[in-house]
Amino acid sequence: MLDQEDHAGQGGEDRGGGALVQVPATWVLAGMGVLTFGLLPRAAAAISWVAFLFLNLFGEVLGPILDIDYWIAKYAVLYPNLPMVISGEPFTATAVLIMIGIAAVLVTAGLAAIRRWALT
């Protein structure tokens, strides 16, 4: 059993921030859902689930099975592009800010598409 006193202050308080680094990638996925709902409301659920499964399985499971190079899978999946703060990698804001910008554009485009619906 681990002694909590021996490990106090050795990065335990940074784990919450490390997990929060992944939120912008989730926002991109949510933005894709808003955009598909705005453009194709009847197919939005199916398209969103396919996108979710693709993003979560492609790099981790299907990439090695299909013998796809890591650098291709890295650019097809959002999460490996974020800084791995939990593993000790230093935080860099570049990828986080890019994903926040992409998420904002997707949500804005989706809401604009919803606004154009004829609600009569």
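**Aromatic pairs and nonpolar core**

The structure contains 2 aromatic pairs, where rings of Phe, Tyr and Trp (its six-membered ring) pair if their centres lie within 6.5 Å, and planes under 30 degrees apart count as stacked, over 60 as edge-to-face and the rest as tilted. This is a predicted model, in which local features need pLDDT of at least 70, side-chain atom pairs count only at pLDDT 80 or more, and totals for chains, interfaces and linings use all residues. Residues are numbered from 1 along each chain as its sequence is written, and side-chain values use heavy atoms, with hydrogens and water left out.

**Aromatic pairs**

- Phe-37 and Trp-117 form an edge-to-face pair, at 5.2 Å centre to centre and with 65° between the planes.
- This pair links distant parts of the chain, since Phe-37 lies in helix H2 and Trp-117 in the segment after H5, 80 residues apart; helices (H or I, at least four residues) and strands (E, at least two) are DSSP runs, numbered from the N terminus.
- Phe-37 counts as partly exposed at 37% relative accessibility, and Trp-117 is partly exposed with a relative accessible area of 29%; buried means under 20% relative accessible area, exposed over 50%, and partly exposed in between (1.4 Å probe, protein chains only).
- Trp-49 and Phe-52 form an edge-to-face pair, at 5.6 Å centre to centre and with 90° between the planes.
- Both Trp-49 and Phe-52 belong to helix H3, where they are 3 residues apart, about one turn of the helix.
- Trp-49 is exposed, with a relative accessible area of 55%, whereas Phe-52 is partly exposed at 34%.

**Nonpolar core**

- The largest nonpolar core has 13 residues, of which Ala-25, Val-28, Leu-78, Leu-82 and Met-99 touch the most other members; such a core is a set of buried Ala, Val, Leu, Ile, Met, Phe, Trp, Tyr and Cys residues joined through side-chain atoms within 4.5 Å.
- At least two residues of this core come from each of helix H2 (23-39), helix H3 (44-65) and helix H5 (93-115), and H5 gives the most, with 5 residues.
- Leaving aside neighbours within four places in sequence, Val-28 is in contact (heavy atoms within 4.5 Å) with Leu-78, Met-99, Ile-102, Ala-103 and Leu-106.

**Overall make-up**

- The protein has 5 helices and 0 strands, giving the pattern α-α-α-α-α along the sequence.
- Of its 120 residues, 23% count as buried.
- Among contacts between residues at least 6 apart in sequence, 54% join residues at least 24 apart.
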